[in-house]
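Dear colleague,

Please find below the structure that I am handing over to you.

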Amino acid sequence: MKDSRDKRSREELIRAIQEYEFAAVELNLYLDNFPRHKDALEDYNYITKVLNQLKAEYEKGFGPLKNFGEDMSDYPWQWVDEPWPWDYGY
Amino acid sequence: MWIYEKKLQYPVRVRSKDLKMAKALLSQYGGPDGELSASLRYLTQRYAMPTGKTKALLTDIGTEEMAHVEIIATMIHQIIRDASPEELKEAGLGGYYAQNGKDLYWVDAEGVPWTAAYVRAVGDPVADLMEDMAAEQKARAVYEHLISMTREPDIIAPLRFLWQREIVHFQRFGEALQHIYDYLDSRHYFQMGKDHPLY
């Protein structure tokens, strides 16, 4: 029971991260061409703020999304934890 | 510097065991207009780009394409991971399995290995961006072929996502090309071309 609940919330969180990140990437590429577009920049900054909150929530429950000094780890080193994205599909 | 993020850009949960489709998907892994070609093309062309905007765009799309390499690899991995050697052989993947096992390798759908000759970089922003726009259109066409070959929703969903990204990238490269034309029309033109024999 606990396992299926954890799995669902993990998927829900990753899905939300993917959705916000999609918007961030879209706005990022657009802003590369139109860096003075204020509305797009405001949207990018708002999306980035929410995205960072979602990632922090994910990492609290399921371990680091990034290594190389980007995210801290609990003991033992969580970066090696399964599953990896290509196996898990997220 | 690059940082790996331990997640996919788009979810991939392929339950299908359509091994012939896995073989066709290799076109977008190690094929001429595949995601690897795209990523390496943009990332190597960025060094001779003349403006901050074009350096940014090639860096960012080149980086996004690496996430697409991972999506395609994940789709193929999930289709082939439980297949038996006999099943792989029947689907035309016998040679692939003999040489690579279940590793992902940069070959196209016909087993032709990836080569740097798929990519050009001529140090001219107009020529390079034109190539990039053509590459996005070719990748779009290949995705349409792949989508037409399957009815599996698990396979179609990520392919549709990747297909849409080609269209967006084409649009962004087109804007960048217009920006480069404007830039070349300004006085920077002669500064940029001053070591060229014609100037």
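This is a predicted model: local features need pLDDT of at least 70, side-chain atom pairs count only at pLDDT 80 or more; totals for chains, interfaces and linings use all residues.

The loop between α2 (38-62) and α3 (85-88) of chain A

Several features of the backbone fall in this loop. Pro76(A) lies there, between α2 and α3 of chain A, and a cis peptide bond joins Tyr75(A) to Pro76(A), with omega at about -10 degrees. Pro83(A) is likewise placed in the loop between α2 and α3 of chain A. The bond between Glu82(A) and Pro83(A) is also a cis peptide bond, and its omega is about 0 degrees. As background, most peptide bonds are trans.

Phe68(A) is found in this loop as well, between α2 and α3 of chain A. Although Phe68(A) is not a glycine, its phi is positive, at about 55 degrees. In general, most residues other than glycine have a negative phi. Is Phe68(A) buried or exposed? Phe68(A) has 10 other C-beta atoms within 10 Å, and it therefore counts as exposed, the cut-off for that class being 12 or fewer. Along the chain, Phe68(A) and Ala16(A) are 52 residues apart, and 24 Å separates their C-alpha atoms.

A helix pair in chain B

In chain B, helix α7 (residues 125-148) packs with helix α8 (residues 153-185) at an angle of about 160 degrees, and their axes are 9 Å apart. Because of this angle, α7(B) is roughly antiparallel to α8(B), as angles over 145 degrees are classed in that way. The crossing in which α7(B) passes α8(B) is left-handed. Sorted by class, the residues in the contact of α7(B) with α8(B) are 18 nonpolar, 3 polar and 6 charged.

The contact between chain A and chain B

How many residues does each chain bring to the contact? Chain B provides 25 residues and chain A provides 19 residues. On the side of chain B that touches chain A, the elements giving two or more residues are α4 (52-80) and α8 of chain B. By class, the residues on the side of chain B that touches chain A are 11 nonpolar, 5 polar and 9 charged.

With kind regards

Key:
Residues are numbered from 1 along each chain as its sequence is written. Chains are lettered from A and ligands numbered from 1 in the order in which they are written. Axes are lines fitted to C-alpha atoms, for helices over the stretch in contact, and angles run from 0 to 180 degrees between N-to-C directions. Helices (H or I, at least four residues) and strands (E, at least two) are DSSP runs, numbered from the N terminus. Angles under 35 degrees count as roughly parallel, over 145 as roughly antiparallel, 65 to 115 as roughly perpendicular and the rest as oblique. A crossing is left-handed if the near helix is turned anticlockwise from the far one by less than a right angle, and right-handed if clockwise. Ala, Val, Leu, Ile, Met, Phe, Trp, Tyr, Cys and Pro count as nonpolar, Asp, Glu, Lys and Arg as charged, and the others, Gly among them, as polar. A residue is buried if 20 or more other C-beta atoms lie within 10 Å of its own, exposed if 12 or fewer, and partly exposed in between; C-beta atoms are placed from the backbone. Two residues are in contact if their C-beta atoms, placed from the backbone, lie within 7 Å.
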